[in-house]
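This briefing is meant to be read alongside the sequence and the coordinates. It moves from a helix contact to a group of strands and then to aromatic rings.

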Amino acid sequence: MSPIPSHIAKKDNGASSEFAFVRSEIIQSFNRVPAGLAEPHGLFLKFAGGGKRTPIFWCFNNWAEPVLLSRQLGPDQPLYAMSSLHGIVRGKALKRVHAKDLAVAYADQLLQLAPEGPVLIGGNCQAAPVAEAMAHHVVAHSGRTPLLMTLEHTLFYCYPGSVLMMFGSESHKFNPFLQGVDPLPRWSAQHRRVAWGQVAGPHGRFFVEPGILDLAAFIRATASAFCAEGELRPGEIRREAEALQPLESC
């Protein structure tokens, strides 16, 4: 298993003036969420702030996604929502330029909000690489290894902890199980503990039923298992009826 990527592990020495504009745009975008549904915490929006379970830090591509996911996860599950660069920065080149600064800013704020205990990080689609980079930064600068959960993203780098990769059951572009090549041998060699699951539906339809039922159940089940045991058991996970209920309290 390769070490943490150096461009992620190095400590950030301060955001550029261009990135300061990105930060401002993200904070301004908070007004797209109806009043009363979430409260701002720096670069995060916190949903279900009264919940007692270990918070989940998840990077999304638009603010409708955390509204829908938080509703499904329930009022006892705090959710710190973050924005990817989708809709904030135009063009792949500029997104690449600012992606590291964004992940470092998010990870540093996460460590301030959660200085101890289990860390739960996730992201979907374009936001998943931001979550992946955040997790590596937390490993490098805190000594803790988060549970990393991704949807429609195959990890770029080897991960030294527990990872859950989820893919759409009808997502032929992103689901490796639909592409004729078994990804399990490669995943087993690259990552310490890898679990996977298939969320019902095609790409882009995971925050409405039936996909969101799978997504929320997978998140709840893996978060509970990780909090209880400190790591995930490798292998495929499936949504059972009882998985819709909260499991072990974190």
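The points below are grouped by topic and describe a predicted model.

**Helix α3 and its contact with α7**

- Helix α3, which spans residues 64–73, packs against helix α7, residues 211–229, at an angle of about 65°, and the two axes lie 10 Å apart; the crossing in which α3 passes α7 is right-handed.
- On the α3 side the contact is made by Leu-68, Leu-69, Gln-72 and Leu-73, and these meet Ile-212, Leu-213, Leu-215, Ala-216, Ile-219 and Arg-220 of α7.
- Sorted by class, this contact of α3 with α7 consists of 8 nonpolar residues, 1 polar residue and 1 charged residue.
- As background to such patterns, an α-helix has 3.6 residues a turn, so residues three or four places apart point the same way.

**Surroundings of α3**

- The buried residues in α3 are Glu-65, Pro-66, Val-67, Leu-69, Ser-70 and Leu-73.
- These buried residues of α3 pack against α7 and also against the strands β2 (44–47), β3 (56–60), β4 (79–83) and β5 (120–124).
- After α3 comes Gly-74, which has a positive phi near 105°.

**Strand β2 and its partners**

- Strand β1, residues 38–41, pairs with β2 in the antiparallel sense over 4 bridges, and within this pairing Glu-39 has Lys-46 of β2 as its bridge partner.
- The hairpin formed by β1 and β2 has 2 residues between the strands, and in it Gly-42 adopts a positive phi near 60°.
- Strand β2 also runs antiparallel to β4, to which 3 bridges join it, and Phe-47 has Leu-79 in β4 as its bridge partner.
- The side chains of Phe-44 and Lys-46 point one way from β2, while Leu-45 and Phe-47 point the other way, yet all of them are buried.

**Aromatic pairs**

- The structure contains 12 aromatic pairs, and one of its features is a cluster in which ring pairs link Phe-44, Phe-57, Tyr-80 and Tyr-106.
- Phe-177 and Trp-187 form an edge-to-face pair, with 5.7 Å from centre to centre and 85° between the planes.
- Because Phe-177 sits in the loop between β7 (162–168) and α6 (184–190), whereas Trp-187 belongs to helix α6, this pair ties together parts that are 10 residues apart in sequence.

Conventions
Residues numbered from 1 in each chain as written. Predicted model: local features only at pLDDT ≥ 70, side-chain atom pairs only at ≥ 80, totals over all residues. Heavy atoms only, no water. Axes fitted to C-alpha atoms, helices over the stretch in contact; angles between N-to-C directions. Left-handed = near helix turned anticlockwise from the far one by under 90°. Contact = heavy atoms within 4.5 Å. Nonpolar A, V, L, I, M, F, W, Y, C, P; charged D, E, K, R; others polar. Buried < 20%, exposed > 50% of the residue type's maximum accessible area, 1.4 Å probe, protein only. Phe/Tyr/Trp six-rings, centres within 6.5 Å; stacked < 30°, edge-to-face > 60°. Pairing = 2+ DSSP bridges.
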